[in-house]
Amino acid sequence: MLTHKVRKIGGGFPSGNRSHDSQYHQKIPNYLILRPGKDPTQAESFRPIALLSILGKVAEKIILKRLYHHVDTNNILIPEQHGFGPDLSTTHQLLRVVETIKSGLKDKKSTGAVFLDIQKAFDRVWREGLIFKLIKYDFPSPLIKLISSYLADRNFSVRINDTHSSHRPTEAGVAQGTLISPLIYVNDIPTHHNTTLCMFADDTAILASHTEPKLVARAINRHLLVLEDWFSKWKIALNVAKTEAVFFTRKKRLIYPDIFLHNEKIPWSQNTKYLGVTLDNKLTFKQHITRIRENFIKKAHTLSHLISRRSKLSRSNKLLIYSSLLRPIITYASPVWSFAAKTHIQKLEVLQNKTLRQILRADWYMRNASLRNAINFKTIRNFMKKIAKKFFIKIDQSDNISIQRIEKYTPTRLTHRPRNILII
């Protein structure tokens, strides 16, 4: 367990006397959470999560409200950043990525995409640099002083069983688990005229499209060079080993061009996971749907004692568990990928049918359609279509510039793009 020494908020600003300031400090417990698939014997495999007091969380809500008000009033947030903007989500950013690729394929272009892995974005925020940027964007002076005070004088210790380490200061970063995130810190990230920048918080992707693969690589390499300087200047570390690149093309014979980050060659992958969706180089989403099935089965297994035929829960409660905990696994970001082939979508229909039959204790001769009609449930395809209709209505009304730049098109059965779900 870790402990943070965090300055209390309230009753005005603390004085400059450090001995007097001790009354403003409290120890906040942190817990080390093992990162998925990491070696538990390595310290870097753990993520420290701060457990703030209710008062601390309320204080952060107030600070964030002031931050967002200034950002919105002065139109500070770049349109490519969807992690902090109002009415924007991972699905919106994924749509930009998929539509950029699909628009290029329609024009017989290839699209290269690099997905950057930023190391410990929360832990390594340069606090002095953050304060500088707050001043640069003309945030109110009292708010800057409050944030500076809130981030200062933090320390931690590690507990293993009953043994505690000595307290060590944290000289950079913001605590994971807090609501104050690098809202402003990455807002001035450089763009490039021949590439498309996509960001959700620190999850960053760079895309470039052209009929000539060499020109795709040239545009990406030029942008990466600019980013290398920017990341170095603001003390942001990139994990080159975990940075992935995918080349989306219909060309059957292709000599893949080289791209480099920090003078290291980035290999081209067949697929990658970005914002929770697996993107394969043909955008069939076959691997993504396979991963959905695996996650659904694991989650359903953990809930089997609640939704099984032997469970004594009422039918309505079982259906509530399915619709609130299981079905969202299937439908996450579905407006982006639900145009996938019917054979792939049918695999998801099977998951729902089996689960509903278990919940309803259906006999073998009962038809799936009859069961769904009895409880007023849509098929997975129709449910995703309903979600997509609402999503694309909001997309067409969005005032975000990056969203407005997405190519407008009328879906047809030959289009094979996200909006096709509206006519299937």
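The legends below describe close-up views of one predicted protein model.

Residues are numbered from 1 along each chain as its sequence is written. In this predicted model, local features need pLDDT of at least 70 and side-chain atom pairs count only at pLDDT 80 or more, whereas totals for chains, interfaces and linings use all residues; side-chain values use heavy atoms, with hydrogens and water left out.

**Figure 1. Overview of the protein.** The secondary structure comprises 14 helices and 16 strands; helices (H or I, at least four residues) and strands (E, at least two) are DSSP runs, numbered from the N terminus. Of the 424 residues, 49% count as buried, where buried means under 20% relative accessible area, exposed over 50%, and partly exposed in between (1.4 Å probe, protein chains only). Among contacts (heavy atoms within 4.5 Å) between residues at least 6 apart in sequence, 69% join residues at least 24 apart.

**Figure 2. The open sheet of five strands.** The strand order is S9-S10-S4-S11-S14, with mixed pairing; two strands pair if DSSP finds at least two bridges between them. S9 and strand S14 (268-269) are the edge strands, each pairing on one side only. Strand S4 (residues 110-116) runs antiparallel to strand S11 (residues 244-248), and five bridges join them. Val114 has Ala245 of S11 as its bridge partner.

Figure 3. Four of the five residues of strand S9 (residues 196-200) are buried. Five bridges connect S9 to the antiparallel strand S10 (residues 203-210), and Thr196 has Leu207 of S10 as its bridge partner. Two residues lie between the strands, and Ala201 takes a positive phi near 60 degrees.

**Figure 4. The hairpin of S15 and S16.** Strand S15 (residues 271-274) and S16 run antiparallel and are joined by four bridges. Asn271 is paired with Asp280 in S16. This hairpin has two residues between the strands, with Leu275 at a positive phi near 55 degrees. Strand S16 (residues 277-280) is covered on both faces: Val277 and Leu279 are buried on one side, and Thr278 and Asp280 on the other.

**Figure 5. Salt bridges at Asp188.** The structure holds eight salt bridges, each defined as a side-chain nitrogen of Lys or Arg within 4 Å of a carboxyl oxygen of Asp or Glu. Lys133 and Asp188 form one of them (2.8 Å, N to O). Lys133 lies in helix H4 (residues 127-136) and Asp188 in the loop between strand S8 (168-169) and S9, so the pair ties together parts that are 55 residues apart in sequence. Lys133 is buried at 0% relative accessibility, and Asp188 is buried at 19%. Asp188 also forms a salt bridge with Lys136, the closest N and O atoms being 3.8 Å apart. Lys136 is partly exposed, with a relative accessible area of 49%.

**Figure 6. The salt bridge of Lys265 and Asp258.** The two side chains meet at 3.1 Å, N to O. Lys265 is exposed, with a relative accessible area of 52%, whereas Asp258 is partly exposed at 36% relative accessibility.
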